[in-house]
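Please have the sequence and the 3D view open as you read.

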Amino acid sequence: MAIRPVLRMGDMHLLRRSDELIYFDTPELHALLADMRDTMNALDGVGLAAPQIGVGLRVVIFGMRHNPRYPDAEPVPDTVLLNPLITPLGDDTEEDWEGCLSVPGMRGMVPRFKNVRYQGCDEYGALIDRTVSGFHARVVQHECDHLDGILYPMRIKNMRLFGFQDVLFPDGKTKITD
Ligand code: NI
């Protein structure tokens, strides 16, 4: 398995709609997920979407136990989510800082639905159906946006709240979503 290069904003592959997965539990899918995990862990990411390593399939992974880079964030279970569907529960949104491994060094203030239901399946085809809120909901929305070619800067409402992490947060502590 391998750490793969992460595509950066400006690469056209990040702007495409990814394709639904048809087959589950295949050697190719397990190999893709192993590479995605290796890549995410090597970069201390909270999530990664397949298009970020140049694979145009509707595959995301995310999860976070305690991470010293994000000391204030709530834990999120390690999850493999394929062909996801997100349904907002209510109109409530909240803004918080996000980053992205495809937009290295930057942070922006992004509005997201506060409460969502997400459905999909895992790598074996088992159904996933969860209702989540807060940071967990934010991470899912961020990662699934990648499958539709959307990067978080496209969702920033106030571009004054977009900048370099080390300038915005000289003490090095932020809660982020990449
Ligand atoms: Ni991202």
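What follows is a tour of a predicted model, going from its sheets to its cores, its aromatic pairs and its metal site.

Now look at strand S2 (59-64). On one side, three bridges join S2 to strand S1 (residues 47-49), and the two run antiparallel; here Leu48 has Ile61 as its bridge partner in S2. S2 also pairs with S3 in the antiparallel sense, this time over five bridges. Within that pairing, Val59 has Leu82 as its bridge partner in S3, while Val60 stands opposite Leu81.

How many of the six residues of S2 are buried? Six of the six are, so the strand is mostly covered. Val59, Ile61 and Gly63 point one way from S2, whereas Val60, Phe62 and Met64 point the other way, and all are buried.

As background, nonpolar side chains tend to be buried together in soluble globular proteins. The largest nonpolar core of this model has 18 residues, of which Val60, Phe62, Leu81, Tyr118 and Phe135 touch the most other members. At least two residues each are supplied by strand S2 (59-64), strand S3 (76-88), strand S6 (115-121), strand S7 (127-133) and H2. Which element gives the largest share of this core? That is H2, with six residues. Apart from this core lies another, of 17 residues, and Met36, Leu48, Val80 and Leu82 are among them.

At 0% relative accessibility, Tyr118 counts as buried.

Tyr118 also brings us to the aromatic rings. A search of the whole structure finds three aromatic pairs. In one of these, the rings of Phe62 and Tyr118 have their centres 6.0 Å apart and their planes at 75 degrees, so the pair is edge-to-face. This pair links distant parts of the chain, with Phe62 in strand S2 and Tyr118 in strand S6, 56 residues apart. Phe62 counts as buried at 1% relative accessibility.

Tyr152 and Phe162 form an aromatic pair that is edge-to-face as well, at 6.1 Å centre to centre and with 80 degrees between the planes. Here Tyr152 sits in the loop between H2 and strand S8 (162-164), and Phe162 lies in strand S8, 10 residues apart.

Phe162 leads us on to an open sheet of three strands, which has the order S4-S5-S8 and antiparallel pairing. Its edges are S4 and S8, each with a single partner strand, so one side of each is left without a neighbour in the sheet. The twist averages 25 degrees from one strand to the next. Three bridges hold the antiparallel pairing of S5 and S8, and Phe162 in S8 is the bridge partner of Gly108. H2 returns here too, lying across S4 and S5 and running at about 105 degrees to S5.

The last stop is the nickel ion. Its protein donors are Cys100 (SG), His142 (NE2) and His146 (NE2), which lie 2.1 to 2.3 Å from it. Cys100 lies in the loop between strand S4 (93-98) and strand S5 (106-113), and His146 lies in helix H2 (residues 134-147), so the pair ties together parts that are 46 residues apart in sequence. In sequence, the donor residues are spaced C-x41-H-x3-H. Cys100 counts as buried at 2% relative accessibility, and His146 is buried with a relative accessible area of 2%.

Technical notes:
Residues numbered from 1 in each chain as written. Predicted model: local features only at pLDDT ≥ 70, side-chain atom pairs only at ≥ 80, totals over all residues. Heavy atoms only, no water. Donors = N, O, S within 2.8 Å, 3.2 Å for Na, K, Ca; no water. Helix = DSSP H or I, 4+ residues; strand = E, 2+ residues; numbered from the N terminus. Buried < 20%, exposed > 50% of the residue type's maximum accessible area, 1.4 Å probe, protein only. Core = buried A, V, L, I, M, F, W, Y, C linked by side-chain atoms within 4.5 Å. Phe/Tyr/Trp six-rings, centres within 6.5 Å; stacked < 30°, edge-to-face > 60°. Pairing = 2+ DSSP bridges. Axes fitted to C-alpha atoms, helices over the stretch in contact; angles between N-to-C directions. Contact = heavy atoms within 4.5 Å.
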